[in-house]
Amino acid sequence: MKRILDNVGVVLLGLLMGELGYAQAESTDGAEAQSGEEERYIPDGRSVPPFEKVDDNRIRIGKVIVNHATRTVSFDAVVNMEGGIMEYICCMPNGKVHEALLLTDADPLHISLGMTLLKFHRFEKFFPERGEDFEWLPFKEPKPEDYADSHLQIEMSYMKDKKLIHDDFSEIIINAQTRKGLSTKHWLYTNSYFYQGAYQASFTGEVIAIFASRTSPINYIGDFHDGVNETGWIINPTKKLTPGTKVTITISQKKVEKEQ
């Protein structure tokens with residue numbers, strides 16, 4: 001079973017890279033960096049650990065749990081901010097920590113591999129791209145129907161007063177100008193990209209971005225075109241979370257029925 005899972009990991013990484021124009025990735029050991037007094041894993045954008053069977057329905061990829069029964073990808077994080085302007089729901093310690101609600105040690109590459117394993121749809125043409133000469137390539141702005149099957153559902157769960165709380169961020173995060181919360185309908189699996197064989201989200205530490213980023217694998221695209229997003233997003237003063245609170249992020253994707 002272990003050998004089969006290891007082979008699946010290699011195939012998935014090849015698939016993830018192949019669809020982006022790369023045949024294979026180099027295999028290197030994960031790097032570790034000293035952060036204060038605690039050593040934290042800093043990903044290299046290439047390494048995939050052996051897949052571990054948790055039970056009949058779940059496997060583990062590094063810090064990521066993939067559940068075939070519930071068709072979810074989940075990972076642990078901690079609350080990082082209780083106020084201020086945010087650009088990210090979640091990032092790694094090597095990301096923009098001062099602008100992220102949550103911090104995680106889960107590698108974005110492993111998260112994306114988990115979603116690939118569950119055959120989540122992704123839309124990789126949401127942002128303009130540059131060619132090898134760094135000139136902008138021709139770009140046609142996508143329509144909502146182009147990425148209708150690539151939306152995600154994201155939930156955070158945590159314990160409060162001995163009760164398990166489930167939250168979709170729609171009340172915790174509000175727009176600084178409109179005071180409206182994040183819409184649960186606008187999370188999009190845009191995926192990151194590979195450069196010189198390395199997954200770039202691992203380098204930037206981006207996991208879930210509110211202020212849409214080409215490098216982040218998951219982006220919030222609500223109000224993307226009307227400028228409201230640029231006014232900033234803040235934590236709802238009435239919904240503050242205590243920094244250090246342990247949470248679990250769960251990502252799923254509903255199947256979109258095609259019209260006959």
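This is a predicted model: local features need pLDDT of at least 70, side-chain atom pairs count only at pLDDT 80 or more; totals for chains, interfaces and linings use all residues.
The nonpolar cores come first. In soluble globular proteins, nonpolar side chains tend to be buried together. The largest nonpolar core here has 48 residues. Six of its members touch the most other members: Ile-89, Leu-102, Phe-169, Ile-173, Trp-187 and Ile-208. Helix α2, residues 108–117, gives this core its largest share, five residues. A second core is separate and has seven residues. Phe-127, Tyr-147, Ala-212 and Ile-221 are among them.

Ile-208 shows what surrounds one member of the largest core. Leaving aside residues up to four places away in sequence, Ile-208 touches Phe-75, Tyr-88, Ile-89, Cys-90 and Ile-154, among others. Its list of contacts also includes Trp-187, Ser-216, Ile-218 and Ile-249. Two of these partners, Ile-89 and Trp-187, are themselves named among the core residues that touch the most other members.

Charged side chains were examined next. The structure holds six salt bridges. One of them joins Asp-55 and Arg-58, with nitrogen and oxygen 2.9 Å apart. Asp-55 has a relative accessible area of 28%, so it is partly exposed. Arg-58 is also partly exposed, because its relative accessibility is 31%. Another salt bridge links the side chains of Arg-122 and Glu-124, at 2.7 Å from N to O. Both Arg-122 and Glu-124 are buried.

A further salt bridge pairs Arg-214 with Glu-129, at 2.9 Å from N to O. Arg-214 sits in the loop between β16 (206–209) and β17 (218–220), while Glu-129 sits in the loop between α2 and β10 (151–160). The pair therefore ties together parts that are 85 residues apart in sequence. Glu-129 has a relative accessibility of 33%, so it counts as partly exposed.

Aromatic rings also pair. A search of the whole structure finds six aromatic pairs. Phe-123 and Tyr-147 form a tilted one, with 5.5 Å from centre to centre and 55° between the planes. Both residues lie in the loop between α2 and β10, and the pair ties together parts that are 24 residues apart in sequence. Phe-123 counts as buried because its relative accessibility is 13%. Tyr-147 is buried too, with a relative accessible area of 8%. Phe-194 and Tyr-199 make another pair: their ring centres are 5.2 Å apart and their planes meet at 55°, so this pair is tilted. Phe-194 is buried at 3% relative accessibility. Tyr-199 is buried as well, with a relative accessible area of 0%.

Ring pairs also build a cluster. Its members are Phe-123, Phe-126, Phe-127 and Tyr-147.

Asn-67 is part of strand β5, which covers residues 64–67. Its relative accessibility is 14%, so Asn-67 counts as buried. The side chain of Asn-67 reaches the backbone nitrogen of Thr-70 at 3.0 Å. Beyond residues up to four places away in sequence, Asn-67 touches Asn-57, Arg-58, Thr-72 and Leu-118.

Definitions and conventions:
Residues are numbered from 1 along each chain as its sequence is written. Side-chain values use heavy atoms; hydrogens and water are left out. Helices (H or I, at least four residues) and strands (E, at least two) are DSSP runs, numbered from the N terminus. Buried means under 20% relative accessible area, exposed over 50%, partly exposed in between (1.4 Å probe, protein chains only). A polar contact is a pair of N or O atoms within 3.5 Å; within protein, one must be able to donate a hydrogen and the other to accept it, and residues adjacent in sequence count only if both atoms are side-chain atoms. Contact means heavy atoms within 4.5 Å. A nonpolar core is a set of buried Ala, Val, Leu, Ile, Met, Phe, Trp, Tyr and Cys residues joined through side-chain atoms within 4.5 Å. A salt bridge is a side-chain nitrogen of Lys or Arg within 4 Å of a carboxyl oxygen of Asp or Glu. Rings of Phe, Tyr and Trp (its six-membered ring) pair if their centres lie within 6.5 Å; planes under 30 degrees apart count as stacked, over 60 as edge-to-face and the rest as tilted.
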